[in-house]
Amino acid sequence: PANVFGQPVPAAERAQLLQCLENYIQMDAMLRGKHPHASFLLQPPPEGYLLQRVKELAVGSCLVEFKWNGGGYWGGRPWKPDFPTDSGLVVYLFCAYLLAPGWDFPPPGQRQASSIGGPLLVGSLPPLLPPHFTAVLPQPPSKYKNTAVVVVSRGEAPLFSFLQDGDAKVVLQGHSAVFQALCLLLLWSRTHAHSHVAGFSLRNLQL
């Protein structure tokens, strides 16, 4: 391949450009609610709502606009129960980030992650399960050893359950519930999965 001047493009530069294109495509899909796991974690959003709400939540610090059982205005009208809640949006972005740290999206089938601690499974469990894994699911799975699972219920008042080895350890609801549930998942990864989650070191993830 050559550039606009007919000069050959070095392989490293070509790979970098392709990665930038992949990142743009995947980020655009994610902010439109088209991520493969969106249907498990979010109410179907109107086109453009997620991008607008992410921008609103990013203003200031500590998610001052966060509404655990609601969201933002859309089209000049208040949030409706058939829109994603901010709690669901936080989980959605959290899982997307763990699957693409630094928002660097690898091409399909080329994800660079360690096997330490096992994968992060989102939305559903595959027929063949690894011996260790963490998961974020819409409903409790069967009991599996060496696992930690956050169960997320969708709806106007989302409920979060943290399961360890199949047993519910805590059920959370309210303003801080989503953050507590995700912190429990990370704490479990620190103590039971060699400080790895989704195949990445918590230190490298800055978590």
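Predicted model: local features only at pLDDT ≥ 70, side-chain atom pairs only at ≥ 80, totals over all residues.

Q: Which other residue, just after helix 1, takes a positive phi?

A: That residue is G33, which follows helix 1 and has a positive phi of about 75 degrees.

Q: How many bridges join strand 4 to strand 5, and in which sense do they pair?

A: To read a pairing, look for the direction of the two strands and then for the bridge partners. Strand 4 and strand 5 pair in the antiparallel sense over five bridges, and L163 stands opposite A168 in strand 5. On the pairing with strand 3, strand 4 is again antiparallel, over five bridges, and here A148 has Q164 of strand 4 as its bridge partner.

Q: Which strands run parallel?

A: Strand 1 and strand 2 (residues 133-137) run parallel and are joined by three bridges; L120, for instance, has T134 in strand 2 as its bridge partner.

Q: What is the order of the strands in the sheet, and which strands are at its edges?

A: The sheet is open, with five strands in the order 1-2-3-4-5 and mixed pairing. Its edge strands are strand 1 and strand 5 (167-172), each of which pairs on one side only, and the twist from one strand to the next averages 15 degrees.

Q: Which strands does helix 4 lie across, and which does helix 5 lie across?

A: For a helix on a sheet, note both the strands it covers and the angle of its axis. Helix 4 lies across strand 1, strand 2, strand 3 and strand 4, running at about 140 degrees to strand 1, while helix 5 lies across strand 2, strand 3, strand 4 and strand 5, running at about 15 degrees to strand 4.

Q: How many residues of strand 4 are buried?

A: Four of its five residues are buried, so that strand 4 can be read as mostly covered.

Q: Which residues touch the most other members of the largest nonpolar core?

A: In this core of 45 residues they are L41, V91, Y92, V136, V150 and F160. Several elements give two or more residues to the core, including helix 1 (11-31), helix 3 (49-57), strand 3 (147-152) and helix 5, and helix 4 gives the most, with nine residues. Leaving aside neighbours within four places in sequence, L41 is in contact with G88, V91, Y92, C95, V122, V136 and R154.

Q: Is S189 buried or exposed, and what does it touch?

A: S189, which sits in helix 5 (residues 177-192), counts as buried because its relative accessibility is 0%, the cut-off for buried being under 20%. Not counting residues up to four places away in sequence, S189 touches T134, H194, S195, H196 and V197. A polar atom of the S189 side chain lies 3.0 Å from the backbone oxygen of L185.

Methods:
Residues numbered from 1 in each chain as written. Heavy atoms only, no water. Buried < 20%, exposed > 50% of the residue type's maximum accessible area, 1.4 Å probe, protein only. Contact = heavy atoms within 4.5 Å. Polar contact = N/O pair within 3.5 Å; in protein donor to acceptor, adjacent residues only side chain to side chain. Core = buried A, V, L, I, M, F, W, Y, C linked by side-chain atoms within 4.5 Å. Pairing = 2+ DSSP bridges. Axes fitted to C-alpha atoms, helices over the stretch in contact; angles between N-to-C directions.
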